[in-house]
Amino acid sequence: MLINVSGHVDETGVCTAIKDAAFPAPFVSGLEYGAPARGTWNIVHIGMLIPKSHQIYVCAANCLRGVVLTAAEMGTSDRFSTIAVQENNVLEGDMEELIIEGVSNILEKLPQKPPAVLVFTACIHHFMGCDLDLVYKELRKRYPDVAFAECYMDPIMRKSGLTPDQKMRRQLYSILEPLKVNRKSINIIGNNIPTDESSELIRTIRENGYELKDITLCKTYDEYLKMAESCVNISCLPAVIPSGDYLQEKLGQKHLHLPLCYGFDEITKNLNTLNEYLGLQKKEYAYEKSAALNALKEAKEVIGDAKISIDYTSVPRPAGLARLLVENGFNVDRLYVDSFTEWDKTDFDWLVKNKPEMKVYATVHAKMRVLDRKCSEKSLAIGQKAAYFTGSEYFVNIVEGGGMYGFDGIVRLAGLMKEAFICPKNVRELIQIKGLGCDCCL
Amino acid sequence: MKQASAFISTYTADVSGVCSALYELGGMTIMHDASGCNSTYNTHDEPRWYDMDSMIYISGLSEMEAIMGDDEKLIHDIVSAASDLHPKFIAIAGTPIPMMIGTDFPAIAEVIENQTGISTFAIQTNGMHSYICGAGQALAEIVKRFTLTGIPKRTKSVNVLGATPLDYSVNSSVDSIKRRLTEAGFQVLSVWAMGSTLEQMKQAGAAEVNLVVSCTGLPAAKELQKKFGTPYVVGVPMGDQFASVVMKALDKAINTGKSQIAYDKRTACGDTVIIGESIYSESLAAALALEKNMKVKVLCPLETEPDLLLSGDIQAEDEDSIMFYLQNAKTVIADPIYRRITQPGTKFLSLPHEAFSGRIYRKGIPDLIKSVDII
């Protein structure tokens, strides 16, 4: 039962028609609320993708608490340790010593030395001017058999340069060292969820005799290290672009950014970029397009004119998905997006012109805590936050695109929408699990 | 090394303690932090988050605001949200970066109070201490700011101080405390701070005695003593026999006007160790001694006042020291995460603690007030 401890609030400042929404940030920033939709991955989940690696976080107790329990809920506490920063470290400026001796102490206590250690420093190290070069030089000298990855838990930097998410996805590959190039090996980088084997992207790679490497598929540390031999890195999410650029510079691997998108022309262009790189002929993908349209038609027959809401955690381009659905007759009523990415600009503009009344809602605005979260009619939500804020138990439970890609991805997504509209889900239970797709002991 | 933990968890920090203590009172609590505190608190420290609205927010502090010392944005954002949401009070809690840059929270609180007309106060937290410190200060501030003076005492009435989900989860424990008090003839005026409104808590000065059920309630108890002369009793009425001891201590406190520690007759000895918050663990040790004739030591890994532990008990906050003290224990009663540092062959009795393992073992958190037979 929801107990409301404050009075009624209106939607002013948290909701706007898309025609009136400023791009990229429709809402004034202020105090922030955190909705209990926890399926997106955090730095602990992402770091655990390196097989056999160990994570050590160096920060104050309040920052440690969230990450230590993320690992515990994943059942990976044996790959996780902490060093607590205290007031005396700030006053005495002995942060370098604390990290070096703390990491050493932990490595000596562990039953087995891990092949790789991800050391996460925090906002406080940045502000104190901690000499991280000295720290890692000394650690590498003490433990030459351990690969140290310089990682960060510094949310204070989220509006300065690369975001913490971008940095994490880049540092995840920082351990890789140059290997002899294997022209028949291709990496997909930066995804947390494996791309569907049935997608045109993966089929193109596999059916043409290439080996696919993806950190989400690595079972051993050696498999992870062998990602360095691939001739090309494919990234699909905007947050992974810096990773691709970094590896292109460090390892000489070509970077192809083939964004996860929903426009037929752009999907075709992306797939043909890969075809061209592999020396294959360009394709029209007529059959695949037709299959996608048929799947959308079938979904529309089930969903009808029911309202649909989409949130930014479900797909990297909520405006792009909304456009696809509107073009195919669906009644997309709401987007839950605090700010759009530049990649969504074209589709945002299309929606302004063609679906001007569509509503855009904030998710972190203070009012969202107490705004009514009930829907008066059966509606479909795509994403956990959309489900939470609309109170709809008919929802597609995905984050980051859910591994669906290309025309095949649209077929699959349409299937999930249809299924979600028929079978209600337990929103309360499902959305509170951290890191959708990770192991969880709850 | 004192600050390194290779194996175990971290207790809820001070800033979450503030939010937990003030959660149900209709105020607005702001953690002045970049981002991480928000999800940490609402995921791992707050079992009420999904079902009970409360105005708990972060400020979203950015690098440039910290470098430029831009307090104006914080003030503006709080004033703006308060004008939309009309909280009964505003509390601001700090985290590591505001500590580093010397943010003047009391001054900021004063500016906000002047602009909004809403009672506003700062809690001195920096994210480096435990919830005991944060929740304790927050409840004490409620006494200072909101309790009404000049109200008559009510015969055999009591406030329960220091009940938060961090120590008592959201099972039947708090109801059981109230039931035991009621059955012993006490009138429970308020529970600080679960299940009571700010209006009920304002009347706390009418109580003849206060019952402190965790360290988070002790600063409030001392403030109430200072403000109203109310004595307090430290102890949790666990199990029938120790509950009877607590009730007698409450009567004695009313009659003598002197505060009491209900469990201070026990001798700390034996090779069974309870790990946990001092008042809860000492009360459990006393209950087990009375009901099961068990000889128990308490190991407190959290901040506590020294006189809340008995001679022979241990205060040890770091992993190495805790491992050292557990070497010779035959039985350990503790949160399941401590199992990782107990010796092979040591009998381990699981006693999940929300402030340590969060929501992971919540379903297994027992109501020991009702009965200690589960141990």
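Two strands pair if DSSP finds at least two bridges between them. Strand E2 (residues 54-59) of chain A meets that condition with E3(A): they pair in the parallel sense over 5 bridges. The model is predicted. Within this pair, Gln55(A) stands opposite Phe80(A) in E3(A).

The sheet reaches beyond these two strands. It is open, has 5 strands, and mixes its pairing. The order is E5(A)-E4(A)-E2(A)-E3(A)-E1(B).

Strand E3 (residues 80-84) of chain A is joined to E1(B) by 2 bridges. These two strands run antiparallel. Look for Ile83(A), which stands opposite Ala4(B) in E1(B).

In total, 59 residues of chain B and 60 residues of chain A take part. On the chain B side, several elements supply at least two residues each. They are strand E1 (4-5), helix H1 (14-22), helix H2 (36-45), strand E3 (55-58), helix H3 (63-68), helix H4 (71-85) and helix H5 (96-100). The largest share, 8 residues, comes from H2(B). By class, this side of chain B has 26 nonpolar, 25 polar and 8 charged residues.

What does H2(B) meet in H2(A)? Asn62(A), Cys63(A), Arg65(A), Gly66(A) and Leu69(A) in H2(A) meet Gly36(B), Cys37(B), Ser39(B), Thr40(B), Thr43(B) and His44(B) in H2(B). The contact has 3 nonpolar, 7 polar and 1 charged residues. The axes of the two helices are 9 Å apart, and the packing angle is about 55°. H2(A) and H2(B) are therefore oblique to each other. The crossing is left-handed.

H2(B) also packs on a helix of its own chain. H1(B) and H2(B) pack at an angle of about 60°, with axes 10 Å apart. This pair is therefore oblique too. Here the crossing is right-handed. H1(B) brings Val15(B), Ser16(B), Cys19(B) and Ser20(B) to the contact, and H2(B) brings Cys37(B), Thr40(B), Tyr41(B) and Asp45(B). By class, these are 4 nonpolar, 3 polar and 1 charged residues.

Back in chain A, turn to another helix pair. Helix H4 (residues 95-109) and helix H6 (residues 132-142) pack with axes 9 Å apart, at an angle of about 25°. Angles under 35 degrees count as roughly parallel, and H4(A) and H6(A) are therefore roughly parallel to each other. H4(A) passes H6(A) in a right-handed crossing. Which residues meet here? From H4(A) come Glu96(A), Ile99(A), Ile100(A), Val103(A) and Ser104(A). From H6(A) come Leu134(A), Val135(A), Glu138(A), Leu139(A) and Arg142(A). The contact has 6 nonpolar, 1 polar and 3 charged residues.

Next, the domains. Chain A is divided into domain 1 (15-36 + 295-431), domain 2 (43-171) and domain 3 (182-277). The C-alpha centres of domain 1 and domain 3 of chain A lie 27 Å apart. Their contact takes 20 residues from domain 1 and 19 residues from domain 3. On the domain 1 side, helix H13 (318-327) and helix H16 (406-422) of chain A give two or more residues each. H16(A) gives the most, with 6 residues. That side has 8 nonpolar, 7 polar and 5 charged residues.

Chain B is divided into domain 1 (14-129), domain 2 (149-261) and domain 3 (272-364). In chain B, the C-alpha centres of domain 1 and domain 3 lie 33 Å apart. Here 4 residues of domain 1 are in contact with 5 residues of domain 3. The domain 1 side has 1 nonpolar, 2 polar and 1 charged residues.

Terms used
Residues numbered from 1 in each chain as written. Chains lettered and ligands numbered in written order. Predicted model: local features only at pLDDT ≥ 70, side-chain atom pairs only at ≥ 80, totals over all residues. Contact = placed C-beta atoms within 7 Å. Helix = DSSP H or I, 4+ residues; strand = E, 2+ residues; numbered from the N terminus. Nonpolar A, V, L, I, M, F, W, Y, C, P; charged D, E, K, R; others polar. Domains from an automatic or database assignment. Axes fitted to C-alpha atoms, helices over the stretch in contact; angles between N-to-C directions. Parallel < 35°, antiparallel > 145°, perpendicular 65-115°, else oblique. Left-handed = near helix turned anticlockwise from the far one by under 90°.
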